[in-house]
Amino acid sequence: MSIDNDSAPKWFVEALSAPVETGSVEVDGASIAYRAWGEEGRPGLVLVHGGMAHSRWWDHIAPQLAGDRRVVALDMSGHGDSDHREHYSLESWAREVLAAAQAGGIAGPPVLVGHSMGGIVSFVASHVYGDRLAGVMILDSPIRDLTPEEIELRAQVARERSGTKVYPTAEEAMARFRLVPPQDIAEPYVLEHIARQSMRQVPGGWSWKFDALRMTKDQRTSLESFEAKCRVAYFRSENGIVGLDLLDRMRPQFGPGALVAELPAAGHHPMIDQPLAVVTAVRTVLAGWSAP
């Protein structure tokens, strides 16, 4: 996979060049890295990545949401530039999200925007910490079921038996970067940027940043009894992983006032194949929630 950002549109180039701050906060003994856009001390939102992903998946989205608010994107433990743990849980990731909101300079209760596993973490936060949130938006998360990323991660560890594979060169690693599940991408620039930021140099070559070995060992908390205790907006991708039957089973957990809508033509990773639709959806919900 070669970088071809010469074909990227102006909005994408400007988003990647927007001013961004970086920092970290300690949560339960682990250093949690985050990135932040917009003016510190304003109300804002936290962008929560999916499994095997990281904060840089939001680089082209966050600046477009930061015009009048503070936007924070974190690397949950075991991902990106954050520390790895011996054990992971949805509850510990939810604590990291709230800690990043505060450390990242958001004033007052934040809005969470979570994708896939990050949407599940955001939903857990809405149940456990609902009184500390201004709302939760969820993008194509199965909530009750394992995400495709979790299933693939377990299969990968079973195949390799040694965690994340090491590639001799960055180019070879880039060539092996895949979305889980696969989806059609009309333009390569978003995917190429994310892939570049997904790996680090290690002894012997290059490897992915996520903690493949340990994240497969912990049992998932059952969420069937969880209910959101703050406002919820749920966006199902038209070509994503959440079928209408599963959506119907999840709806009561979001509460009677939840907004449920569909992102047209989007795959499971809408920030990659329909990024401007994601920006529009988030902006629209924020405007509705802030109206008198």
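Begin by selecting Glu 96, which in this predicted model has a relative accessibility of 0% and therefore counts as buried. Glu 96 belongs to helix α2 whereas Arg 85 sits in the loop between β4 and α2, so the pair ties together parts that are 11 residues apart in sequence.

Keep the charged side chains on display for the next stop. Salt bridges that share partners join Arg 35, Arg 56 and Asp 59 into one network. Within that group, select Asp 59 and Arg 35, whose side chains form a salt bridge at 3.3 Å, N to O. This pair links distant parts of the chain, since Asp 59 lies in the loop between β3 (44–48) and β4 (70–74) and Arg 35 in strand β2 (residues 30–37), 24 residues apart. Asp 59 is buried at a relative accessible area of 4%, and Arg 35, at 14% relative accessibility, counts as buried too.

For a pair in another setting, move to Glu 39 and Arg 42, where the side chains meet in a salt bridge of 3.1 Å, N to O. Here Glu 39 counts as partly exposed, with 48% relative accessibility, and Arg 42 is likewise partly exposed, with a relative accessible area of 28%. A search over the whole structure finds 12 salt bridges, among them the pair of Glu 39 and Arg 42.

Now return to helix α2 (residues 90–103) and show it together with helix α3 (residues 117–128); the two pack at an angle of about 80°, and their axes are 9 Å apart. That angle makes α2 roughly perpendicular to α3. To see the contact itself, select Leu 90, Glu 91, Trp 93, Ala 94, Val 97 and Leu 98 on α2, and on α3 select Met 117, Ile 120, Val 121, Val 124 and Ala 125. Coloured by class, the contact of α2 with α3 shows 10 nonpolar residues, no polar residues and one charged residue.

Centre the view on Leu 47 and, leaving aside its neighbours within four places in sequence, pick out its contacts, which are Trp 58, Ala 62, Leu 65, Val 71, Val 72, Ala 73, Leu 74 and Val 113.

The last stop is Lys 209, found in the loop between β9 (205–208) and β10 (232–239). Is Lys 209 buried or exposed? At 11% relative accessibility it counts as buried, because the cut-off for that class is under 20%. If residues up to four places away in sequence are not counted, Lys 209 touches Gly 78, Gly 80, Asp 81, His 84, Gln 197, Ser 198, Met 199 and Arg 200. To finish, draw a distance between the C-alpha atoms of Lys 209 and Met 199, which are 10 residues apart in sequence and 5.3 Å apart in space.

How values were computed
Residues numbered from 1 in each chain as written. Predicted model: local features only at pLDDT ≥ 70, side-chain atom pairs only at ≥ 80, totals over all residues. Heavy atoms only, no water. Contact = heavy atoms within 4.5 Å. Axes fitted to C-alpha atoms, helices over the stretch in contact; angles between N-to-C directions. Helix = DSSP H or I, 4+ residues; strand = E, 2+ residues; numbered from the N terminus. Parallel < 35°, antiparallel > 145°, perpendicular 65-115°, else oblique. Nonpolar A, V, L, I, M, F, W, Y, C, P; charged D, E, K, R; others polar. Salt bridge = Lys/Arg side-chain N within 4 Å of Asp/Glu carboxyl O. Buried < 20%, exposed > 50% of the residue type's maximum accessible area, 1.4 Å probe, protein only.
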